[in-house]
Amino acid sequence: MSISGIGSNYSNVYGSTYTAQKNETVKKTETKEAAPAQAKNTGTDSVSDYYSYLQKNYDCVKNGSVATSGSYLKECARNPEKAKELEENLSFFKEGYESGLKSAQANARAIGARVVDHTESWSIDSTGNITMMASTTVTSDSGVKGWKELAEEREEKLKEQKEQEEERLEKIQISAQPVTVISDAYHKPVDIKA
């Protein structure tokens, strides 16, 4: 599942701060006479620097909620467009998490439970595709239960309510039917409605 376009609304305002910082560093380095040191650079330092930058600027990377493929990080460290795409997606993590939590809470309420714990993590593969994983723990009055068990309890309650309603309607229908009584005095049938 690729969500690379989701953060595009940030592109006009956000941009890639790391790319701008990196370009400034390159300009400063180019003015120095350090060409032999640059030739030895295998790109490992820039990937490490870029990952450090991401940890400092994105809590989801810092706390381990997002795991990114090393080859994709390497590509992002070298390609400003890829870095921008990654950073836009990372900017969306908090909003995505909050949306997932609200959805989990609504689902829990629908079955008569409440959310006790909700976590979400992302795994970004070597091509930039994101796999999202969420884990939610819910509880009801009788303790922590699984979704299936809570849904079955809810379904059973609804079934009982439906049966009670059907019984009540049946009683109303029976009492609304006309009753024929034969009077001894006149031997004529008389309709009595309840």
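Student: How do you know that the end-to-end span of α6 agrees with its 31 residues?

Tutor: This is a predicted model, so the check is on computed coordinates. At 1.5 Å a residue, the 31 residues of α6 should span 45 Å. The C-alpha atoms at its ends are 45 Å apart, so the two values agree.

Student: Where is the kink in α6 centred?

Tutor: On Phe93, with a bend of about 35 degrees. That angle is taken between axes fitted to the seven residues ending at a residue and the seven starting there.

Student: What makes Asn79 a cap of α6?

Tutor: A side-chain oxygen of Asn79 lies 2.9 Å from the backbone nitrogen of Glu81. The cut-off for a polar contact is 3.5 Å. Asn79 caps the N-terminal end of the helix. Just after α6, Gly112 has a positive phi of about 80 degrees.

Student: Which residues of α6 are buried?

Tutor: Among them are Ala83, Leu86, Leu90, Phe92 and Phe93. Glu87, Glu88 and Asn89 are also on that list. Buried means under 20% relative accessible area. Over the chain, 24% of the 194 residues are buried.

Student: Which residues line the second largest pocket?

Tutor: Asn57, Tyr58, Asp59, Cys60, Asn63, Leu90, Phe93 and Lys94. A lining residue has an atom within 4 Å of a pocket point. The volume of this pocket is about 160 Å³. Phe93, where the α6 kink is centred, is one of the lining residues.

Student: Which helix gives the most to that lining?

Tutor: α6, with three residues. Helices α4 (59–62) and α6 (80–110) each supply at least two.

Student: How many residues of each class does the lining of the second largest pocket have?

Tutor: Four are nonpolar, two polar and two charged. Tyr and Cys count as nonpolar in this scheme.

Student: Why is Glu120 called buried?

Tutor: Its relative accessibility is 11%. The limit for buried is under 20%. So Glu120 counts as buried. Glu120 sits in strand β2, residues 114–124. Met133 is 13 residues from Glu120 in sequence, yet their C-alpha atoms are 5.6 Å apart.

Student: Why does His118 count as buried?

Tutor: Its relative accessible area is 8%. With the limit at under 20%, His118 is therefore buried. His118 is also in strand β2.

Student: What makes the pair His118 and Thr136 a polar contact?

Tutor: Their side chains are joined at 2.7 Å. The cut-off is within 3.5 Å, with one atom able to donate a hydrogen and the other to accept it. The pair therefore counts as a polar contact.

Student: Why is Asp117 called partly exposed?

Tutor: Its relative accessible area is 39%. Asp117 lies in strand β2. Its C-alpha atom is 7.9 Å from that of Ser135, which is 18 residues away in sequence.

Student: Why does Ser52 count as partly exposed?

Tutor: Ser52 has 29% relative accessibility. The limits are again 20% and 50%, so Ser52 counts as partly exposed. Ser52 belongs to helix α3, residues 44–57.

Student: How many helices and strands does the chain have?

Tutor: Seven helices and six strands. From the N terminus on, they run α-α-α-α-β-α-α-β-β-β-α-β-β.

Methods: Residues numbered from 1 in each chain as written. Predicted model: local features only at pLDDT ≥ 70, side-chain atom pairs only at ≥ 80, totals over all residues. Heavy atoms only, no water. 1 Å grid on protein atoms, 1.4 Å probe; cavity = no way out; pocket = protein on both sides within 12 Å on 5 of 7 lines; lining within 4 Å. Points joined across faces, edges and corners; volume = space filled by probe spheres on them. Helix = DSSP H or I, 4+ residues; strand = E, 2+ residues; numbered from the N terminus. Expected span 1.5 Å × (residues − 1). Buried < 20%, exposed > 50% of the residue type's maximum accessible area, 1.4 Å probe, protein only.
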